[in-house]
Amino acid sequence: MQIDARPFAYDFDVAHTALVIIDMQRDFIEPGGFGETLGNDVSLLAAIVPACQAALGAWRRAGGMVVHTREAHKPDLSDCPPAKRLRGNPSLRIGDVGPMGRILVAGEPGNQIIPALSPVAGETVIDKPGKGMFYGTTLHAQFQQAGITHLIFMGVTTEVCVQTSMREANDRGYDCLLLEDCTESYFPHFKAAAVEMLRAQGAIVGWTATSAQLITTLKTTA
Ligand code: C5J
């Protein structure tokens with residue numbers, strides 16, 4: 001299959017491609033979570049949910065691998081270095097109790113993926129202690145086991161966990177495509193800059209396209 005992506009065409013086949021959904025968690029998208037504790041307007045992120053649902057639905061119908069990540073720390077915070085915990089909002093840090101439970105801690109209500117994009121049976125869910133999806137996880141081995149060579153990304157936030165994960169993936173040899181309308185930042189100019197820099201210099205980190213382009217490609221070439 002081929003998408004007329006930027007900066008040039010992106011070739012992939014569903015059997016060797018995973019759709020990776022980065023951190024679409026209540027902690028980032030709903031009021032009362034980690035994102036809001038940092039002073040951000042979380043409604044910006046909620047706006048991409050319909051496009052994410054449409055792309056995920058089409059990908060599921062095509063039968064491709066789906067991976068959901070969560071930025072999540074162990075309840076004893078042994079995987080959260082002080083250098084991470086001590087930044088941000090001093091009155092509500094990672095591990096403190098907020099309106100949706102302990103901030104960014106695995107198993108807490110705020111740490112769950114939003115209901116609109118809930119994983120279904122057979123999909124991979126990865127808890128990651130870092131911003132990048134390979135740091136401290138078994139994901140690279142899982143992709144190798146499944147024969148995955150291409151990754152299509154969506155999720156939040158564009159310039160933090162999405163960009164970090166896409167760069168980590170690029171260095172490991174995956175061909176990466178970002179769905180522009182399925183990713184968002186609390187800072188629109190950061191999103192715009194991240195999207196530009198990822199695809200610059202001949203796709204130095206990867207490609208970008210829209211969810212509509214992916215859906216059309218899946219429909220017309222399936
Ligand atoms: C952040 C993320 N922004 N998922 N995490 O801290 O992008």
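Before you start: the model is predicted, local features need pLDDT of at least 70, side-chain atom pairs count only at pLDDT 80 or more, and totals for chains, interfaces and linings use all residues. Residues are numbered from 1 along each chain as its sequence is written, and side-chain values use heavy atoms, with hydrogens and water left out.

**Stop 1: the ligand**

Select the ligand and its surroundings. Around it sit Asp 23, Phe 28, Phe 34, Glu 71, Lys 131, Val 156, Thr 157, Val 160 and Cys 161. Each has a heavy atom within 4 Å of the ligand.

Now pick out the polar atoms. A ligand nitrogen is 2.9 Å from a side-chain N or O atom of Glu 71. A ligand oxygen lies 2.9 Å from a backbone N or O atom of Thr 157. For Cys 161, a polar backbone atom is 3.1 Å from a ligand oxygen. On its own the ligand exposes 230 Å², and the protein buries 92% of that. Areas come from the Shrake-Rupley method with a 1.4 Å probe; for residues, only the protein chains shown count as cover.

**Stop 2: Thr 157**

Stay on Thr 157. It lies in the loop between strand β8 (150-156) and helix α7 (158-171). Helices (H or I, at least four residues) and strands (E, at least two) are DSSP runs, numbered from the N terminus.

Is Thr 157 buried or exposed? Thr 157 is buried, because its relative accessible area is 8%. Buried means under 20%, exposed over 50%, partly exposed in between (1.4 Å probe, protein chains only).

Show its contacts (heavy atoms within 4.5 Å). Beyond four places in sequence, Thr 157 touches Leu 45, Val 162, Gln 163, Glu 184, Ser 185 and Tyr 186.

**Stop 3: Asp 27**

Next, select Asp 27 in helix α1 (residues 26-29). Asp 27 is buried yet has no salt bridge. A salt bridge needs a side-chain nitrogen of Lys or Arg within 4 Å of a carboxyl oxygen of Asp or Glu. Which side chain of opposite charge is nearest to Asp 27? It is Arg 26, 8.3 Å away. Lys and Arg count as positive, Asp and Glu as negative; His and the chain ends are not counted.

Other contacts of Asp 27 include Phe 34, Met 100 and Leu 104.

**Stop 4: Ala 54**

Finish in helix α4 (residues 49-62), at Ala 54. Ala 54 counts as partly exposed because its relative accessibility is 35%.

How values were computed. Polar contact = N/O pair within 3.5 Å; in protein donor to acceptor, adjacent residues only side chain to side chain.
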